[in-house]
Amino acid sequence: LKDAEVCDPLSLKWAERVHSGGDAWLGDCAESAGVHTDMEFGFYPQPPVSNLFHLFADAVAFHGVENHAAMHSALRANGTAAAFDPRCVPVFADHKYSCLPHFIIGGVPKAGTTSLYKYLLEHPDVLPAADKELTFWGNFFSPKRRPSRDDVMGDYLPKFPKISPSDFKVTGEATPGYLYCLTCPTYILKYMPKVRLIFTLRDPVPRAYSEYLNKAADRTVVRYLNKRIDNKMEKELSDAAPPFSALVADVAKTMASCGSPNRTFSMMDEYSDEMEEAGCYVNPFVGEGRYVRYLKLWLGMVPRRQLLLLNFDAWTASAEAAQEAMGRVAAFLQLAPFSFRVDEAHNTHANRSVHVDRDAASDADAIKGQSVEAQLPRRDRCVLRDFFAPYNAALAGLLAQHGYEPMTEAWGAGAAAGCPAKSGWRFAEELPAAPHATGAAAGGEEERRRCGTVDHPCLAGSDTQAT
C-alpha cells in the first residue's frame with residue numbers, strides 16, 4: 001500500500017475528484033492493491049474507515065477477492081497466512097469478521113441428507129447450525145423466495161456459530177428442499193458466492209414411497225397433496241391420507257391424459273390452466289423425483305468445483321461405500337482426513353428425526369435389509385418405473401454433459417422385470433419439439449411424433465428436454 005501511488009494523499013489530484021470523497025480514495029487504494037470491491041451485489045467490505053489499514057489482512061480475505069489462492073500465497077510469502085483459514089469467506093458484522101457458512105446440503109428428501117449432515121458433524125472442524133434444515137433460501141413450499149441483504153444478516157447468519165478467520169472451523173446446513181427452489185441458486189450465490197453445495201440423489205421410485213411413509217407418519221400427506229405454487233401450505237394435520245396405491249393410479253392417469261413428460265407439474269412448479277385441465281398434475285412424492293428438471297438450473301449456475309453429486313443407492317450400499325463417500329465429501333469441503341462413524345442411518349422411515357439435537361438413528365445394516373420398493377405391489381412399481389423412464393434418461397444425458405459420474409443405470413436394475421414393455425405415456429401428435437431436442441429439431445413429422453418416447457434420443461441426449 002505504501003508503494004501504491006494512488007494511496008499517497010499528496011498525489012490525489014483533488015481537482016479531478018470533485019465528486020469523490022475519502023471513501024472513494026480508499027476504494028481506489030484497495031483496488032490498486034488487488035482487492036475487488038463490489039458495492040451493488042451481495043455483501044461488500046465495510047470496515048470503519050479508520051480501521052481499513054490495520055484490518056487490511058482481514059479485508060483482503062473477503063469474498064470480493066478474485067483469487068483466494070493467490071491472495072493466501074501472497075500472505076504466506078510474508079508470513080501472515082498462518083492466521084487465516086483459506087476456506088473462510090468473512091463478512092463484516094457487529095464490528096468484527098465472521099466466516100460465512102462453508103457448505104449447504106441442498107437435496108434431495110429421503111436420500112440421506114440427515115445422515116450426511118450428522119456424519120459431517122463428527123468431524124472436529126465442523127460446527128452445527130441452529131438446526132439441520134433452516135429452509136431460509138426457499139424450498140418446494142416457497143420456490144421463489146428473494147431474500148434481501150438485511151434478511152440474510154438478520155435471519156440467516158445468526159443461526160450459525162460465529163467463526164473467525166483464525167478459528168479454522170467450518171459450518172453449514174442441510175435443507176433438502178433447496179433443489180426444487182427456482183430462485184435458490186441465484187440468491188445463494190449472490191450472498192455466498194464461494195459456498196460448496198452437495199446434492200445426494202436416490203432412485204426416484206423407492207424415494208417417493210419412503211417420503212410418503214414419512215409424511216403419513218407425520219399426518220401431513222394431505223397438506224402436500226393440496227399445495228400448489230400459488231397457495232400456502234395448510235397447517236392442519238389429517239389422518240385422511242389416501243393410500244399410496246391410489247396416488248400411483250393417478251400417476252398412470254397422468255401419463256395417459258397429459259401425454260408428455262415436459263408438461264407435468266407438481267406443487268413447486270409453474271403451470272397453466274391448460275396443463276391442469278389436461279390432467280398433468282403429479283403428486284409431490286412422485287414429482288420430486290423428476291431431478292433433471294431442477295438440477296439443470298443448478299448445474300448451469302454453480303461452478304463445477306463448488307458442486308458435488310452423490311448417488312444415495314451407491315454410498316449406502318455398504319459401510320465401506322459410506323466411508324468412501326464421506327472421504328469424498330471431506331476432501332470436497334477441504335477438511336482434514338477423518339474416520340467417520342457410519343454405522344447409523346438417520347431420519348429413516350423407521351425412526352424419524354431431522355433435528356441436529358435429537359438422536360433418532362437406526363442401524364444402517366438393518367435398514368439395508370428392508371427394501372422400501374419391495375413393499376410396493378408389482379403394478380405400482382411398474383407404473384412408477386414407466387413414469388420416471390424419460391426423466392432418468394434425460395438426467396443421464398445432463399450428468400454426462402457436465403462431466404459427472406453416471407448414476408441412473410443402476411436405478412431399478414431388475415425391478416422392472418415383468419412390467420409391460422409398452423409405455424403408458426400417451427404422447428400427443430402435436431407435441432412441439434423441445435428447444436434442444438436433437439431428433440425433433442432435425443425436422444420431419446415422424447421425428448416430431450416420436451420425440452418424447454422413452455427410447456428416443458431427443459429426451460436422452462440434451463440438457464433441457466425433460467423440462
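C258 and C280 form a disulfide, with 2.1 Å between their sulfur atoms; the term covers a pair of cysteine sulfur atoms within 2.5 Å. This is a predicted model, in which local features need pLDDT of at least 70 and side-chain atom pairs count only at pLDDT 80 or more, while totals for chains, interfaces and linings use all residues. Residues are numbered from 1 along each chain as its sequence is written, and side-chain values use heavy atoms, with hydrogens and water left out.

Back to C258 and C280: their link is right-handed, with 95° about the S-S bond. Helices (H or I, at least four residues) and strands (E, at least two) are DSSP runs, numbered from the N terminus. C258 is buried at 1% relative accessible area, and C280 is buried at 0%. Buried means under 20% relative accessible area, exposed over 50%, and partly exposed in between, with a 1.4 Å probe and protein chains only.

How many disulfides does a search of the whole structure find? It finds four. One of them joins C88 to C99, S to S 2.0 Å. C88 sits in the loop between helix 3 (68-77) and strand 1 (90-93), and C99 in strand 2 (residues 96-99), so this pair ties together parts eleven residues apart in sequence. The torsion about the S-S bond of C88 and C99 is about -105°, so the disulfide is left-handed.

Another is formed by C382 and C419, whose sulfur atoms are 1.9 Å apart. Its torsion is about -80°, so it is left-handed. C382 is in helix 16 and C419 in the loop between helix 16 and helix 17, so parts 37 residues apart in sequence are tied together. C419 is buried, at 19%, and C382 is buried at 8%.

Now the rings. The structure holds 22 aromatic pairs. Rings of Phe, Tyr and Trp (its six-membered ring) pair if their centres lie within 6.5 Å; planes under 30 degrees apart count as stacked, over 60 as edge-to-face and the rest as tilted. For F387 and W425 the centres are 5.4 Å apart and the planes at 25°, so the pair is stacked. F387 is in helix 16 (residues 378-401) and W425 in the loop between helix 16 and helix 17 (438-441), 38 residues apart. Both F387 and W425 are buried.
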